Structures are given as C-alpha cells and as structure tokens.
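The stops below go from strand to strand and then to single residues.

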Amino acid sequence: MADKRCFVQFPHPGAEHGPNSGRQWHRSEIGHRRKFLQLRGKWIENDGSERTGDLWAWGEWEPESDLICKFNPSRGDSRHPRYLWEPHYVPKECYRGRHNTDPFIFGRRFLYSNCGQPTDSKRSLKHLDRGSVIAFGSGKAIKGKRRWTLDTVLVVRDSFRYDPLDPREALEGKVSEAFLSVTGGPLSADPKLARRPEPGGLRLYRGATPSDRVNGMFSFFPAIPAGTHSGFPRPVVDLPGKYFTPSNWQAPKGAKCERNPDELRCLWDSLVKQVHDLGLVLGTNAKLPPRRRAT
C-alpha cells in the first residue's frame with residue numbers, strides 16, 4: 001500500500017484521571033484517561049511570538065504523577081479539569097499490564113506510535129505520508145449536543161517502522177529513553193501483540209516543529225501559561241463534515257483519503273485559529289518528565 005498524505009480525526013478516550021488512578025502507572029485493564037498537566041516547555045502566542053516557561057495542558061500520561069492541586073469546577077461540568085498533575089516515571093522490570101502513552105508530546109518532537117494501528121483492518125494508519133495532519137481528541141456531550149474536543153495536533157515530519165515487541169532495536173537513537181520506557185516498555189510486554197504479531201510491525205511518526213516545519217505547519221497542543229486561572233476546558237473544534245464528524249467518538253476518520261498540501265494547510269490553519277480564538281496558546285514543546293527510582 002502506498003503512503004498517503006491525509007487529515008485524520010483521531011478519537012481517543014477522554015475521561016479524566018482521579019486522585020488515586022493518576023498517582024500510579026495506569027493499569028491496562030482500565031481504559032486510557034487524560035490528565036491536566038503542568039509542563040515546562042515552549043508555546044506560541046496569538047501574535048506569533050514564542051515563549052518559554054511553565055504551561056498547563058490536557059494530555060495523555062499513563063505513568064506516575066504528583067498531584068499538585070485540586071480545582072473546583074461547577075457541578076456537572078465534565079470539561080474543566082478537577083486535578084492538576086506533574087508527570088514523572090519509574091522504570092519497571094516488567095511492564096506487563098501497564099498502559100503505554102500515545103501520542104507522546106514530550107521531548108524534541110511529538111510522537112505517534114501505535115494507537116489503533118493493530119486494529120486498523122485496512123492498515124491505513126501505517127501508511128501516512130509526510131505532511132499528514134493528525135488531530136487527536138475526544139467526543140463530549142455538551143448541552144445535549146455531541147461535540148468534539150481537541151488535545152493534540154501532530155503534523156507528520158518523518159516515520160520509522162519498528163517491531164513493537166522490541167522497540168529499542170529500531171528506535172534507539174531516534175527517540176528518547178523516556179519514550180522507550182513509557183511507551184516501548186508496555187508495548188514489548190503486551191500479550192495481544194505477542195499472540196498476534198503485527199504484519200510489518202508498527203510505524204512511529206515524528207512530528208514537525210516550529211523550527212522544522214512541513215508546508216508551514218508544526219505540531220501543537222492547546223495550552224495556557226501556568227497559574228493564569230483554574231485551568232481550561234478542552235477546546236471544542238469543528239471542521240467541514242467531509243473531514244470532521246462531531247459524533248465520531250470511536251474510530252479514526254480520514255486515513256484512507258489523500259489530501260493536497262493546500263487543503264491540509266487550510267485545515268491546520270483553521271484549528272490554529274479556533275484554539276487561539278478561545279484564548280489559548282499553541283504548546284509546541286514539553287520537557288521530558290523526570291525519571292525516578294522505585295521507593
């Protein structure tokens with residue numbers, strides 16, 4: 001199958017970690033969840049200026065975290081965060097039964113490595129070309145309507161095939177040690193992948209950055225500078241129906257449809273504008289969470 005330059009609407013679970021589940025490495029028998037994270041990193045303001053400092057953002061981080069504070073959203077408000085977390089990780093001798101983190105927004109480049117690829121019957125998610133745009137988010141019922149909230153946009157810069165049962169063999173030197181532990185470790189110990197080896201392995205996609213753009217685009221996550229107020233709801237976004245379906249809360253959409261570069265740039269520009277119009281900034285880099293020893 002030839003690679004295609006696509007726009008992918010990629011739903012993933014949107015429930016928020018609680019005060020107990022968020023502290024420990026999340027177990028795989030329970031579905032993935034999101035955390036509202038305090039990160040050290042970089043962002044781009046509405047005027048295009050780049051800033052560095054502490055920022056807050058929604059993201060996936062399934063290993064350990066420290067609970068910094070609790071927020072008090074309005075009763076019944078499931079979109080605002082209830083907890084603020086600072087991520088770290090403790091390497092394990094055995095990763096079996098632990099969730100991996102994907103997408104991975106930490107370090108020099110955003111990474112998308114496995115989610116949905118083994119269950120994609122057409123294998124389309126393993127054939128995305130340079131310049132593809134992947135919009136990760138979650139469905140939410142808001143005032144009786146099905147809406148879609150955004151947490152990460154990855155613009156594909158390059159990619160590598162790898163064996164999920166031995167990620168280090170192909171990816172060492174191309175990704176951080178933190179990624180090899182946090183994402184590679186659970187993949188290598190996944191009994192489903194061991195029972196049903198993935199033909200051709202999986203594909204790790206690395207994201208474009210503001211200093212290394214593809215067609216003028218870069219990867220980002222909606223964010224705010226830390227401490228400005230009590231968090232923010234995951235931003236509701238919308239695009240024309242052939243690209244984006246608000247009620248699509250399950251399977252990725254768009255990985256089979258070739259798009260031209262101008263089309264993709266218009267879609268990316270629209271997401272950037274919608275995020276900025278909500279008073280948010282574009283997080284472009286998050287420092288790797290620290291490694292800790294087991295206590």
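Start by selecting β1 and β7: these strands run parallel and are joined by 5 bridges. The model is a predicted one. Within this pair, pick Pro 11 and look across to Gly 137 in β7, its bridge partner.

Now widen the selection to the whole sheet. It is open, has 5 strands in the order β1-β7-β8-β9-β6, and its pairing is mixed. At the edges are β1 (7-11) and β6 (111-112), each of which pairs on one side only. Helix α4, residues 261-277, packs on this sheet and touches β1, β7 and β8.

Next, select residues 133-142 and 145-162, which are strands β7 and β8. The two run antiparallel, with 10 bridges between them. Follow the chain to the turn: β7 and β8 form a hairpin with 2 residues between them. Lys 143, in that turn, has a positive phi of about 50°. Colour β7 by accessibility and the strand shows as mostly covered, 9 of its 10 residues being buried.

Move to the loop between β6 and β7 and select Lys 126. Is this lysine buried or exposed? Lys 126 counts as buried because its relative accessibility is 3%, under the 20% cut-off. Its side chain reaches the backbone oxygen of Pro 199 at 2.7 Å. Show the surroundings of Lys 126, leaving out neighbours within four places in sequence: the residues in contact include Asp 3, Gln 117, Arg 161 and Glu 198. Gly 201, Leu 202, Arg 203 and Tyr 205 are also among the contacts of Lys 126.

The last stop is Val 175, in the loop between α1 (167-171) and α2 (177-188). Which residues does Val 175 contact, apart from neighbours within four places in sequence? They are Leu 111, Leu 180 and Leu 204. Val 175 has a relative accessible area of 13%, so it is classed as buried. To place Val 175 relative to Phe 10, draw a C-alpha to C-alpha distance: the two are 22 Å apart in space and 165 residues apart in sequence.

Methods
Residues numbered from 1 in each chain as written. Predicted model: local features only at pLDDT ≥ 70, side-chain atom pairs only at ≥ 80, totals over all residues. Heavy atoms only, no water. Pairing = 2+ DSSP bridges. Helix = DSSP H or I, 4+ residues; strand = E, 2+ residues; numbered from the N terminus. Contact = heavy atoms within 4.5 Å. Axes fitted to C-alpha atoms, helices over the stretch in contact; angles between N-to-C directions. Buried < 20%, exposed > 50% of the residue type's maximum accessible area, 1.4 Å probe, protein only. Polar contact = N/O pair within 3.5 Å; in protein donor to acceptor, adjacent residues only side chain to side chain.
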